[in-house]
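Subject: Structure handover

Hello,

Please find the structure we spoke about below. My notes on it follow.

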Amino acid sequence: MSSQRERSRVLQTTRKIGELIMEYFSKAWDAKAQGKPLAWITVFTPVELLRALDIYPIAPEHFGAMCSARGLALDYLEEAEKTGYSQNLCSYSRCGLGYALSGMSGLMPPPDILITFRNSCDVYVKWWQSLHMHLGAPLFVGEAPYVLTLEDLDNYVLDYVVKQLEQLVKIAEEKFGLRFEMERLVEIVKLSDKASELWLETLKFRRFKPCPLGGRDSASDIFPLVVMQGTDQAIRFYEELLAEVKEKANKREGIIEDEKFRLLFDGIWLWYAFDLIKYFEDRGAVFVYEPYSEAWAYRLDASKPLESVARKVLAMGLNVDIDLRIERFLESIKEYQIDGAVLFSNRSCKSWSAPQLVTADILSKKFNIPYLLFEADMADPRQYAEAQIKNRIDAFLEVLGER
Amino acid sequence: MEVPSDIRDLCRNPAALLNRYKDSGVNLIGFTCSYVPEELIISAGLQPYRISNTGANVSALTPSFVCPFASAVLENMLRLEDFFSGFVVAHTCDPMWRLYDILKKKTSKPLFLLRVPHNTDNELSLDFFKTELVRFKEFLSQDFEINIDDNVLCKSIELCNENRSLLKSIYMLNNGGKYRICALDRFHLALASMWMPKPEVNAQIKALDFHDCKSDNNVRLHLNGTSVYDLDLMKIIEESGGFAASDDLCTGSRYFWNNVEKSNDPISALAHRYLKRAPCPSHGPIEDRLEYVNFMTREFKVQGVITFAERFCDPILYDSVHIRNMLAKNGIRSMLIDYENPTQEIGRIKTRVEAFIESIGG
């Protein structure tokens with residue numbers, strides 16, 4: 001085990017992600033200085049459309065995750081709580097509100113517009129309304145209704161989202177004097193599609209035994225797919241990642257040396273506790289599939305750019321019916337030869353966590369897959385009972401070992 | 001004036017009515033919130049019945065940090081499932097939406113999710129909502145093999161309009177300062193309207209005479225929040241020298257404030273009414289919600305506002321910051337009381353309510 005501890009569990013390409021994120025935030029200030037409009041967005045917003053309009057998108061959710069990972073979240077959380085935001089509210093939102101209330105002199109420049117789409121999460125709207133009240137910036141609230149059947153991706157539900165995208169274009173043109181060109185959107189859609197294709201191809205290599213890409217990589221490497229869709233930089237990153245993963249897979253080199261258990265992780269990662277992934281890996285358990293990693297990967301059709309982006313907004317994240325989500329879960333268990341599931345009951349994400357017990361029950365009954373469900377928060381370290389969670393992990397791995 | 005004892009008993013134990021429906025062969029449709037148009041259910045010859053959290057603990061199927069109200073509603077739906085022919089859940093907030101997910105895997109009864117748009121101020125949302133109501137109508141027609149005729153729907157709208165007008169007219173007696181219709185009575189009537197057949201409850205309300213309820217000097221309060229079924233909360237306000245003159249609750253004024261316009265196109269009229277009605281914290285621009293609270297506090301000459309918040313209720317917890325700020329600017333004092341189960345926490349809540357009323361001068 002000591003040799004495993006010494007060994008790096010992160011891909012070379014993943015090591016570059018921190019720099020890429022910092023550069024992305026720093027370019028936001030450059031864009032601001034050049035007079036480009038800057039949008040604060042929630043992560044299921046049609047970034048392709050904003051890029052085509054030359055609006056610079058930044059996501060306070062990333063900011064919250066990053067602050068948490070670097071131990072910088074507490075000041076912002078407390079600032080929001082001092083203003084009256086309950087500790088029972090989403091920690092990303094408290095972090096973002098705390099930043100907004102404390103002067104916005106850090107990584108994120110003040111927004112010229114606040115854009116959100118009600119997709120997967122209703123908190124987005126309340127959070128964005130609160131930012132709007134504090135900052136006075138104009139607010140656009142779009143919505144992607146819950147996809148009940150796949151027909152919704154082609155019927156009046158799709159039409160509703162397409163029309164909202166057209167409305168957003170019109171507002172941006174009027175407010176900022178921008179000009180929308182369909183040809184530009186087509187180019188961006190092609191780039192975005194390429195990035196999704198590369199990422200999905202990379203993820204497929206996790207079917208290999210041993211798995212060449214671990215939980216630490218997948219949690220970090222998703223960043224360009226969320227806010228950098230439609231850029232060459234995102235494609236370069238995913239090409240490099242794919243090449244590295246392919247090479248490792250061909251060499252039969254896993255992210256850990258002695259792979260004993262292949263796990264599914266359901267939830268957003270605990271950003272302040274990456275060492276928990278290492279804790280699993282030190283005991284021979286590797287994460288090979290997470291619904292989170294697929295949440296932003298969506299193939300786009302450049303011949304129908306607006307429709308295609310609308311379809312993506314509808315189908316991203318947790319916005320599709322529970323039966324469709326469970327179907328994907330069950331496929332993944334076969335596809336990735338999963339031995340057990342770890343479900344993170346996230347106090348901040350009620351939308352994700354609420355039906356988790358029902359899902360876990362189905363996994364367990366249908367595939368006889370043992371699962372571990374633990375409670376904590378994704379960005380607020382004050383809600384994390386480390387020793388207790390590690391005890392439960394030990395017990396869970398013991399069960400897996402006895403099978 | 002005295003609210004009939006059968007209505008008061010019903011509010012203490014709404015499930016008691018379920019046996020009566022069962023015995024008389026009435027097909028019940030359980031629904032979760034005031035965004036579901038009861039008119040459509042009635043026009044299909046079915047009886048709408050709003051599912052409360054009364055009598056249930058939180059469900060073991062949801063995590064501890066999910067809204068205890070939504071969780072207890074889920075528990076009641078599953079516990080009382082046999083009394084119902086189907087359920088309608090409205091997508092209002094995350095817990096209610098995910099309650100649909102859980103219910104879909106746990107109930108054998110027909111289940112419908114009404115996708116209520118967040119935006120209430122544009123034509124796109126209105127068009128979308130109209131199509132959702134058509135889908136709802138089709139669900140009722142297909143699952144219960146009933147053809148919903150426009151004329152019958154228009155009659156159901158008239159019936160529900162009559163109920164809303166009656167409830168509002170009683171409520172409005174409070175605004176001139178001459179009468180004092182206590183909150184307990186008002187809420188008894190509003191809740192009974194969500195459970196009893198409309199003709200029956202309308203007849204009972206019409207028979208009441210409120211004009212002997214004279215005004216007094218109690219501290220006039222406005223109640224802010226979501227759904228309150230536990231009427232002990234109203235009782236402790238009265239006992240502490242307060243008078244809940246107005247509210248913006250889902251089980252209060254938001255249920256009956258607006259009527260459906262008469263129209264040859266009843267689905268459009270319903271979509272318009274239900275989307276543009278008195279706003280819920282989960283729908284519409286926050287400015288509309290602030291304006292509604294502001295209007296109520298002015299109209300009913302309110303001295304203080306109490307927010308009743310279910311612990312973990314995101315929409316209320318975000319809005320409460322802005323409502324508090326607005327009220328402070330207007331010189332109105334406010335207090336937030338959060339709870340998981342008001343019945344079990346009534347002593348603590350009472351102490352806080354008493355202190356608040358005393359601080360205003362009660």
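Two strands count as paired if DSSP finds at least two bridges between them. Helices (H or I, at least four residues) and strands (E, at least two) are DSSP runs, numbered from the N terminus.

This is a predicted model, in which local features need pLDDT of at least 70 and side-chain atom pairs count only at pLDDT 80 or more, while totals for chains, interfaces and linings use all residues. Residues are numbered from 1 along each chain as its sequence is written, and chains are lettered from A and ligands numbered from 1 in the order in which they are written.

The sheet in chain B

In chain B, strand E1 (residues 28–31) runs parallel to E2(B) and is joined to it by 4 bridges. B:Gly30 has B:Tyr49 of E2(B) as its bridge partner. Both strands belong to an open sheet of 4 strands, ordered E2-E1-E3-E4 (chain B) and paired in parallel. E2 and strand E4 (111–115) of chain B are at the edges with a single partner strand each, so one side of each has no neighbour in the sheet. On average, neighbouring strands of this sheet are turned by 25 degrees against each other, direction ignored. Helix H5 (residues 94–106) of chain B packs on the sheet and touches strand E3 (86–91) and E4 of chain B. The direction of H5 makes about 150 degrees with that of E3(B). (Axes are lines fitted to C-alpha atoms, for helices over the stretch in contact, and angles run from 0 to 180 degrees between N-to-C directions.)

The domains of chain B

Chain B is assigned domain 1 (5–148) and domain 2 (152–360); the bounds come from an automatic or database domain assignment. Taken over C-alpha atoms, the centres of the two domains are 21 Å apart. In contact (C-beta atoms, placed from the backbone, within 7 Å) are 41 residues of domain 1 of chain B and 43 residues of domain 2 of chain B. On the domain 1 side, H6(B) gives the most, with 6 residues. That side has 24 nonpolar, 10 polar and 7 charged residues. (Ala, Val, Leu, Ile, Met, Phe, Trp, Tyr, Cys and Pro count as nonpolar, Asp, Glu, Lys and Arg as charged, and the others, Gly among them, as polar.)

Between the chains

Chain A has 37 residues in contact with 35 residues of chain B. Elements that each supply at least two residues of the chain A side include helix H7 (123–135) and helix H8 (156–176) of chain A. H7(A) gives the most, with 7 residues.

Regards

Conventions. Two residues are in contact if their C-beta atoms, placed from the backbone, lie within 7 Å.
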